[in-house]
Amino acid sequence: MIEHRNGILIAVALMVGVPAITLLATLHQMFGTGGDGPIRASAVQAPPAPAPAAKPAPQAPAAASPASPAAAAPAAATPAGAATPAAAAPVPGRSAQDFSASRPAWEGYLQGADPALGKQLAASGKPAAGVQACVACHGQAGITPTGGIFPNLAGLTPEYIAKQLADFRQGTRKQALMNTVAQGLSEQEIGQLAAYYGSLAGPPLHVGETGGEAARKLDQIGDGARALPACANCHGLRGLGEGPLLPRLAGQSKEYFADQINAFRNGSRQNDDVGVMRAFAQRLTDSEVEALGQYYAGPR
């Protein structure tokens, strides 16, 4: 009986003692005076004041002009022994702005952008700067009439268009014609074009009418065995777009879709966020790329 009682007491002591010791150790680490403790405001010292400048050597007084009252006025004297007031030195430390996320420059292009001016620019271009009219490739209403590798701009967001034009302008997205066009545009003109095309409705939807079951599965489910998430996770169900920078795939031509997937594959397009599209494109087969292109484009 005594041994049983002693065993119970030891178990209770362990149950209470171990958490108590852990709590005391934690409190010591939090409020102790060691190097890992919190920084006290009194411990942050202001930098030493700069040494006073050396006084210039005395010079002979210049003759004062009677017409100059400033010369006749006595200089304000500093009382002897009085300390010269110094500007308050900033206390070193962190600022809240040190942790603010940086904003991309193209966001500023959209501030106050006029879609009407963008429409005029799209129709006429800037011949003097070597910028042809956008409608020549992208159609009168942002829908390419002949398909091919020219994308439909109608239905894309202003943010996505502004970012892509900024990337073309800086050379982080490469395509010879578009690099030339974007470099001939000002930041304000990029914003105007993005605002105009972002205001247009996309092409009619025929998503899912072609492409087959394999494309539908990749769009809606993905393929976990190959670490391929559903396309809808980023581009919206049936490719309708998801957020300002994840573009609409619905209505793009199958030729343009395949051209961009292949650009991600071979590294000629590298302006995807942290390389996700380059990784996913590598895992798709040629037949899947063709099926997805047909799935999002629909019948002609």
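Colleague: Does N152 count as buried or exposed?
Modeller: This is a predicted model, in which local features need a pLDDT of at least 70, side-chain atom pairs count only at pLDDT 80 or more, and totals for chains, interfaces and linings use all residues. Residues are numbered from 1 along each chain as its sequence is written, and side-chain values use heavy atoms, with hydrogens and water left out. N152 lies in the loop between α5 (135-138) and α6 (158-170), where helices (H or I, at least four residues) and strands (E, at least two) are DSSP runs numbered from the N terminus. Buried means under 20% relative accessible area, exposed over 50% and partly exposed in between, with a 1.4 Å probe and protein chains only, so N152, at 6% relative accessibility, counts as buried.

Colleague: Which residue has the backbone oxygen that the side chain of N152 reaches at 2.8 Å?
Modeller: Leaving aside neighbours within four places in sequence, N152 is in contact (heavy atoms within 4.5 Å) with G142, I143, T144, P203, G251 and Q252. A polar contact is a pair of N or O atoms within 3.5 Å; within protein, one must be able to donate a hydrogen and the other to accept it, and residues adjacent in sequence count only if both atoms are side-chain atoms. A polar atom of the N152 side chain lies 2.7 Å from the backbone nitrogen of T144, while the backbone oxygen that this side chain reaches at 2.8 Å belongs to G251.

Colleague: Which elements give two or more residues to the lining of the second largest pocket?
Modeller: On a 1 Å grid over the protein atoms alone, a pocket is an open set of points where a 1.4 Å probe fits, with protein on both sides within 12 Å along at least five of seven lines, and its lining residues have an atom within 4 Å of a point. The volume, which is the space filled by probe spheres set on points joined across faces, edges and corners, is about 410 Å³ for the second largest pocket. Its lining holds 21 residues, with G251, A297, G298, P299 and R300 lying nearest the centre. The elements that give two or more residues to this lining are α11 (254-266) and α13 (286-297).

Colleague: How many polar residues does the lining of the second largest pocket have?
Modeller: Ala, Val, Leu, Ile, Met, Phe, Trp, Tyr, Cys and Pro count as nonpolar, Asp, Glu, Lys and Arg as charged, and the others, Gly among them, as polar. By class, the lining has seven nonpolar and three charged residues, and the number of polar residues is 11.

Colleague: What kind of pair do the rings of Y295 and Y296 form?
Modeller: Y295 and Y296 are both buried, and together with F257 they form one aromatic cluster. Because their ring centres are 5.3 Å apart and their planes stand at 80 degrees, the pair is edge-to-face.

Colleague: Which residue's side chain is joined to that of D167 by a polar contact of 2.9 Å?
Modeller: D167 is placed in helix α6 and counts as buried at 9% relative accessibility. Its side chain makes a polar contact of 2.7 Å with the side chain of K163, whereas the polar contact of 2.9 Å joins it to the side chain of N271.

Colleague: What is the phi of V274?
Modeller: Most residues other than glycine have a negative phi. V274, which is found in the loop between α11 and α12 (276-283), is exposed, with a relative accessible area of 74%. Although V274 is not a glycine, its phi is positive, at about 45 degrees.

Colleague: Which elements do the buried residues of α8 pack against?
Modeller: Nine of the 11 residues of helix α8 (residues 187-197) are buried, so this helix is largely enclosed by the rest of the structure. One of the residues in α8 is A194, which has a relative accessible area of 0% and touches L110, P158, I161 and A162, not counting residues up to four places away in sequence. The elements that the buried residues of α8 pack against are α3 (106-109), α4 (115-124), α5 and α6.

Definitions and conventions. Rings of Phe, Tyr and Trp (its six-membered ring) pair if their centres lie within 6.5 Å; planes under 30 degrees apart count as stacked, over 60 as edge-to-face and the rest as tilted.
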